[in-house]
Structure formats: structure tokens, C-alpha cells
Amino acid sequence: SSPPAPSSYDGFPAPLVPLASLVDGATGGWALSYADCTPDNEETPVGVAFLLTNVSYLVVGGLLINGGLYGLGFLTEVAGVVSYVYHYNQLASRGVESPLVKLSLLVDYFTAGAALITGTGYLAGELGEYAAGLG
């Protein structure tokens with residue numbers, strides 16, 4: 001399967017178009033596809049509840065920052081904001097194919113990935129310290 005036509009990347013920053021095309025091509029268009037949430041949208045009770053699920057990122061990010069894990073906390077906060085933007089755009093698209101939703105999803109992959117990789121690094125470090133204390 002070939003990647004979507006370049007017009008599906010209208011509004012993308014130029015440096016991200018090759019990356020989006022690569023991701024789409026490598027996954028047959030799956031990775032930048034998203035669910036049609038209609039009849040719900042950003043104004044319906046279900047849509048608002050869906051958007052509120054992103055609050056957990058902000059709470060956890062705040063707890064991490066408060067616990068002294070500033071880098072991981074910050075990345076978690078950013079991932080939460082970007083996730084909210086992606087989900088808002090998804091709901092606001094009202095089922096219409098939208099390059100803005102695809103761009104939001106691509107950025108969401110980066111920010112969530114950065115938080116996950118950083119979190120894994122922190123966890124590995126903590127486990128290493130714990131294991132060293134056992135010996």
C-alpha cells in the first residue's frame with residue numbers, strides 16, 4: 001500500500017512532511033489514522049469526558065516534579081498538553097479527514113515517546129541502585 005497523497009499533509013511544517021510520509025508508508029497509513037468519534041465532538045458530554053482523561057498526565061507530571069524528577073515531570077506535562085490538543089482536534093474534525101489531526105498525532109507520538117523513554121531510563125536507574133544495594 002502506498003502512503004497517502006501529499007495533500008493529506010497540508011499545513012504540516014515542511015520538515016515533518018517526509019517523516020509523516022515515511023510513517024504512513026511504513027505502516028500502510030495505519031500509524032497516522034485515527035478514530036471517527038462522531039456523533040461525539042469536543043462539546044458533547046462524552047467528548048468532554050474523553051478530553052478530561054488527559055488530566056491524568058498533568059497530575060502525574062506535577063507529582064513527578066514535586067518529587068524532584070523535573071525532567072520526567074516536564075516531559076509528562078508536555079505529553080499531556082499535546083495529547084489534549086490531538087484529542088481535541090480529533091473530536092473537532094467531526095469525522096472529516098484532517099491533516100491537522102494527523103499532525104497532532106505525529107507530535108503526540110514524539111512527546112509520549114520522549115516521556116516513556118525518559119521514564120524507562122529513570123526506572124532502570126532506580127532498579128540498578130536497588131540491585132546494587134542487595135549485593
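So, helices: this protein has five of them and zero strands. Read along the sequence, that gives you α-α-α-α-α. Keep in mind that what we're looking at is a predicted model.

Okay, overall shape. For 135 residues, a compact globule would come out with a radius of gyration near 14 Å, but here we get 18 Å.

The accessible surface comes to about 7800 Å², and carbon and sulfur atoms account for 70% of that. And if you take contacts between residues at least 6 apart in sequence, 63% of them join residues at least 24 apart.

Now let's zoom in on helix H5, residues 99-134. How far apart are its end C-alpha atoms? They're 52 Å apart, and that agrees with what you'd expect, because 36 residues at 1.5 Å a residue should span 52 Å.

Let's go to the start of H5. There, Ser 98 has a side-chain oxygen that reaches to within 3.2 Å of the backbone nitrogen of Leu 100.

Which residues of H5 are buried? You've got Val 101, Lys 102, Leu 103, Ser 104, Leu 105 and Leu 106, then Asp 108, Thr 111 and Ala 115.

Methods. Residues are numbered from 1 along each chain as its sequence is written. This is a predicted model: local features need pLDDT of at least 70, side-chain atom pairs count only at pLDDT 80 or more; totals for chains, interfaces and linings use all residues. Side-chain values use heavy atoms; hydrogens and water are left out. Helices (H or I, at least four residues) and strands (E, at least two) are DSSP runs, numbered from the N terminus. The radius of gyration is taken over C-alpha atoms; the globule rule is 2.2 Å times the number of residues to the power 0.38. Contact means heavy atoms within 4.5 Å. Accessible areas come from the Shrake-Rupley method with a 1.4 Å probe; for residues, only the protein chains shown count as cover. The expected span of a helix is 1.5 Å times one less than its number of residues. Buried means under 20% relative accessible area, exposed over 50%, partly exposed in between (1.4 Å probe, protein chains only). A polar contact is a pair of N or O atoms within 3.5 Å; within protein, one must be able to donate a hydrogen and the other to accept it, and residues adjacent in sequence count only if both atoms are side-chain atoms.
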